[in-house]
Each structure stands twice: as C-alpha cells, then as structure tokens.
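Here are my notes on this one, in the order I'd look at things. Have the viewer open while you read.

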Amino acid sequence: MADGPGGVHVVDHPLVQHKITLMRQKDLSTNSFRRLAHEVSALMAYEVLRDLALHEVEVQTPMETTTGNVVDGKKLVFVSVLRAGTGLLEGLLEVAPSARVGHIGLYRDPKTLVAVEYYFKMPGDLQERDVIVLDPLLATGNSAIAAVDRLREHRPKSIKFVCLLTCPEGIAAMNQAHPEVPIYTAAVDRELDVNGYILPGLGDVADRIFGTK
C-alpha cells in the first residue's frame, strides 16, 4: 500500500489495480461491474482493517488448550452512503461479517453539487465504535464531508473513508474539512470535469452497479 498526499492510502495491490482497470471499461456489463466492485472492496478491506484492535481468548485445539487473538466485530460499523456505497458493503462484510451496518442517504443537487441528506440510520452507541464510511467515489468531496459531519455528531471512536477512486480536488476538500479522517482508495485520478465527475474515472458508479440511467 502506498501513502499519498494528505493521509491518502492507495491500495496498490496488483489484483486491486487489475480489477479497477477492468471496471473502467465503458461497455462492461452491469453484472461484471457489480461483481468487480464486490471483489475490489473485499481486497481493500484487508488494508483498511489492518489496525483493528484484538483481544486474547482461550481456545481448545484438538491437541491442547492455548490462547489466540480475535477481533470484536461488534465494535466495527460499516456506513454505506446511499446508493452507491451499497456496492462496496457486501465485499467488506464478507471479510468482517460481524460488523454492524449504518446507512446515510445523500443526493447531489445537480445545480449546486451540494449533498442533501434524506436518510440516516445507525447502530447505537457509536461512541464505542470504529466507523468505516463507504462511498465509491470521492469527487467534489461534498457527500463525503456531509457524511462525516453527520457521523461526528455521534462522536464515534474513529472514522475512516473508503472509496474506489478519488482525485486531487476531492482529497483537498476532505483534508480541509476533516484532516483527521484517513482516505483509502484504489487510485487517485487526474481531475474533475465541469460537472463534478472524476476523469478518467468510472462514470456514474451507482448507475453502473444497479443498471439504471
């Protein structure tokens, strides 16, 4: 994993890079795009969750009693930013199935590009939990910042942000608003276009995951 600017961690594993390149293809089927999003998010989970806390337990092997370390999944919350975050959620749950799940519904105003909240549902006691925010693209940063703003009202132990792609503009916006939140991504693309889309990018990830227009 390579460290980028401003607390950005680029997951540069060859399998992640291979699959992201496949996802960029314009004519990829909805099924293939959705499957690759699942696979990439599962692979990224190993780096995102590398610093999870462990506690020691006693276990009985076929040979003798010993001790080992386990993760307390109940302290971990994956927060899916609707709609597109759902495309990453199952991949991370495959790796950490005991994690709780929260949802934030945001849509981007087409004129101002400002994120507007329409839904918020979280597990209780966020003060005791580590939160991983899932949104495939960190573009303008407006949705990511709005999601983190809302979550910080509940004072979670920690927050990380996970995306498939980002760009310099999104990184700068997130770092300015929430410099304490590390960003995990598979690639840092060149720039935003005038409509707030990442170039070269993946297009509209929600539409490609769900087969909508």
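Helices (H or I, at least four residues) and strands (E, at least two) are DSSP runs, numbered from the N terminus. This is a predicted model, in which local features need pLDDT of at least 70, side-chain atom pairs count only at pLDDT 80 or more, and totals for chains, interfaces and linings use all residues. Residues are numbered from 1 along each chain as its sequence is written, and side-chain values use heavy atoms, with hydrogens and water left out.

1. Start with the largest pocket. A pocket here is an open set of points on a 1 Å grid over the protein atoms alone, where a 1.4 Å probe fits and protein lies on both sides within 12 Å along at least five of seven lines; lining residues have an atom within 4 Å of a point. The largest pocket holds about 660 Å³ of space. It is lined by 28 residues, and the closest to its centre are Arg108, Asp135, Ser143, Asp204 and Ala206.

2. Who builds that lining? Strand 5 (76-82), strand 6 (100-108), strand 9 (137-138), helix 4 and helix 6 (205-210) each put in at least two residues. By class, the lining of the largest pocket has 17 nonpolar, seven polar and four charged residues (Ala, Val, Leu, Ile, Met, Phe, Trp, Tyr, Cys and Pro count as nonpolar, Asp, Glu, Lys and Arg as charged, and the others, Gly among them, as polar).

3. Next, helix 4 (residues 142-152) against helix 5 (residues 168-177). Their axes come within 9 Å and cross at roughly 20° (axes are lines fitted to C-alpha atoms, for helices over the stretch in contact, and angles run from 0 to 180 degrees between N-to-C directions). The two helices are therefore roughly parallel to each other; angles under 35 degrees count as roughly parallel, over 145 as roughly antiparallel, 65 to 115 as roughly perpendicular and the rest as oblique. Ala144, Ile145 and Val148 of helix 4 make the contact with Ala173, Met174 and Ala177 of helix 5, where contact means heavy atoms within 4.5 Å. That gives six nonpolar, no polar and no charged residues.

4. Helix 1 (residues 14-23) and helix 2 (residues 30-48) have axes that come within 10 Å and cross at roughly 155°, which makes helix 1 roughly antiparallel to helix 2. On the helix 1 side, Leu15, Val16, Lys19, Ile20, Leu22 and Met23 meet Phe33, Leu36, Ala37, Glu39, Val40, Leu43 and Met44 of helix 2. The class count for this contact is 11 nonpolar, no polar and two charged residues.

5. Helix 2 also packs on helix 3, with axes within 7 Å and a crossing at roughly 45°, so helix 2 is oblique to helix 3. Residues in the contact include Ala37, His38 and Ser41 of helix 2 and Gly87, Leu88 and Glu90 of helix 3. By class, this contact has seven nonpolar, four polar and two charged residues.

6. Some backbone spots to check by eye. The peptide bond from leucine 82 to arginine 83 is cis, with omega near 0°, and arginine 83 sits in the loop between strand 5 and helix 3 (86-95). Leucine 199 and proline 200 are also joined by a cis peptide bond, with omega about 0°; proline 200 is in the loop between strand 15 (198-199) and helix 6.

7. Aspartate 125 is in the loop between strand 7 (115-121) and strand 8 (130-134).

Note on methods
Points joined across faces, edges and corners; volume = space filled by probe spheres on them.
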